[in-house]
Amino acid sequence: MAPATHLVSDRERCDVSESVVIVGGGPTGMWLACELRLAGVPTVVLEQDVEIDPYSRALTVHARTIETFALRGAHHELLAEGGRIPSGHFAVLDDRLDFQNLDTEFPYTLTIPQARTTELLQQRAAATGASIRRGHRVTDCLDSGSTVTVSVEGPDGTYVLEAAYVIGCDGTRSTVRQCAGIEFDGTRFTALGALGDVVLADPPPGPVTSEWTERGTFMLVPLSGGRHRIVVHSPEDLREDWPGELTLEELRGRVRRIAGTDYGMHSPSWLSRYSNTSRVARHYRNGRILLAGDAAHQHMPMGGVGLNVGVQDAMNLGWKLAATITGRAGQGLLDTYHHERHPVGEDTIEHTQAQTAIMSVFSPQGTALRSLLGKLIAEGRQLNDALAQRLSGLSVAYALPGGRHPLAGCRAPNLRLSDTDHLFGLLRDAHPVLIDFARADGFHADGLSVDGNDRSRLNRYRCPRPIEQSRAAWAGVSAALIRPDGYVAWASHETDADALRVEAADAVDVLHDPQPGNELPERKHG
């Protein structure tokens with residue numbers, strides 16, 4: 001097998017101190033590989049499955065994940081192939097969440113099988129120079145303090161790799177997490193669900209069909225190739241024992257009991273059960289070993305958020321790890337990965353468990369609860385929008401050191417900066433962007449002096465003229481620093497050029513070295 005000095009390919013040598021091994025070749029691992037290679041970090045992806053799993057539990061790509069791909073120009077094929085649904089469900093309530101008011105260019109959910117998403121991201125990762133090794137199973141990881149040794153079983157035998165960091169993207173039974181000794185805290189399942197990908201002789205019209213009754217609930221979504229995904233949850237699923245493998249006859253009977261028909265289902269390509277087991281890793285980092293995706297959090301697949309949270313873990317981690325390895329940042333930046341993403345994992349468990357509870361009260365009281373919630377969503381735009389923001393991932397915000405402006409830590413939308421330029425186009429190379437909105441005479445982003453650790457790798461943009469932003473939070477902002485993952489690191493309404501220059505320089509320092517005591521000084525915002 002290739003020695004550690006050939007981590008990228010037989011043609012490209014690399015230093016162990018600059019290399020990363022990603023364990024797990026799903027969307028999370030592949031997107032992380034894309035991000036690291038964009039920064040020139042030698043990267044290997046080890047995946048035990050020889051082929052991409054054709055059975056896709058995840059079908060949904062939410063708005064913030066589409067934005068995440070769009071930040072790098074990686075969204076076009078997904079949009080071309082996926083189906084667009086301008087709504088989402090919360091606990092399969094009859095009143096679906098309307099996504100049309102979401103503050104994004106992608107106010108919908110995209111339905112595309114996880115297998116295809118993985119394939120597209122794998123192609124992108126390979127094209128950037130990542131070494132993708134399928135059929136290679138990791139058996140052990142040992143962090144020596146200076147490197148991590150990875151033991152692997154491959155098609156040609158066992159071998160060892162050394163890397164600066166190892167990232168576990170290897171699912172809920174993560175070998176990497178176990179090797180790192182990271183606790184996976186949470187609860188065992190109390191509810192199950194069943195799903196099947198089948199052919200329907202008499203499919204219903206429309207992109208999504210769902211129904212909840214006291215006999216159970218089901219959802220039906222069309223797939224490519226003339227197949228449909230059917231998901232069922234009913235009273236017999238409220239249990240703490242595993243009933244065995246799902247059969248077509250069981251699925252057919254349960255759907256018929258709820259809907260009065262089985263839609264002529266036949267020829268299943270996949271039948272499976274899932275549970276509401278909910279756990280989150282106590283730490284997302286232990287030394288040189290980190291976790292992302294299902295290795296870091298496990299939950300009921302309500303609302304189709306799992307793949308999305310994993311990809312956004314990878315986006316948060318990728319630029320921080322790359323900046324750390326290349327010397328543009330101190331270790332404090334990498335520590336912020338846990339501090340920012342662990343609360344997101346906990347929040348995901350909270351709202352998926354809440355949805356499970358609402359779905360599982362198969363009684364007149366459950367009917368009343370669902371009816372009331374449905375009315376509140378239909379009648380109150382505020383509740384609809386709050387739940388839609390949460391489900392889509394657009395509501396995620398981070399507590400930043402010294403982040404005293406209301407925008408600090410929030411996601412930045414694709415702001416219009418000129419007649420031709422928008423924010424997302426400035427983030428394609430994964431460098432931070434300092435935007436000068438041309439509201440402070442004498443301040444120019446291009447003239448900002450940044451010292452140390454190659455922090456000059458900062459994109460700077462000055463708007464040709466002040467453009468009034470339609471979003472109230474951005475009105476009057478004179479300058480902003482946007483992180484590579486599209487979140488606001490700093491913003492200011494200051495119009496004095498000298499004061500703004502000092503603020504911006506401080507913000508760049510804190511972005512790359514967020515140590516205790518290294519925080520932005522408190523300033524007044526005009």
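Guide: R411 counts as buried, because its relative accessibility is 11% (buried means under 20% relative accessible area, exposed over 50%, partly exposed in between, with a 1.4 Å probe and protein chains only). This is a predicted model, where local features need pLDDT of at least 70 and side-chain atom pairs count only at pLDDT 80 or more, while totals for chains, interfaces and linings use all residues. Residues are numbered from 1 along each chain as its sequence is written, and side-chain values use heavy atoms, with hydrogens and water left out.

Visitor: Which residue forms a salt bridge with R411?

Guide: E67 does, with the closest N and O atoms 2.7 Å apart. A salt bridge here is a side-chain nitrogen of Lys or Arg within 4 Å of a carboxyl oxygen of Asp or Glu. E67 sits in helix α2 and R411 in the loop between α10 and β23 (433-436), so the pair ties together parts that are 344 residues apart in sequence. Helices (H or I, at least four residues) and strands (E, at least two) are DSSP runs, numbered from the N terminus.

Visitor: Is E67 buried or exposed?

Guide: Buried, because its relative accessible area is 2%. E67 also meets R64 in a salt bridge, at 2.7 Å from N to O. Both lie in α2 (residues 63-70), 3 residues apart, about one turn of the helix, and R64 is buried too.

Visitor: How many salt bridges does the structure hold?

Guide: It holds 31. There is also a network of them linking E236, D237, E250, R254, R257 and R273.

Visitor: And D241, what does that pair with?

Guide: D241 forms a salt bridge with R239, with 3.0 Å between the closest N and O atoms. D241 is partly exposed at 40% relative accessible area, and R239 is partly exposed at 26%.
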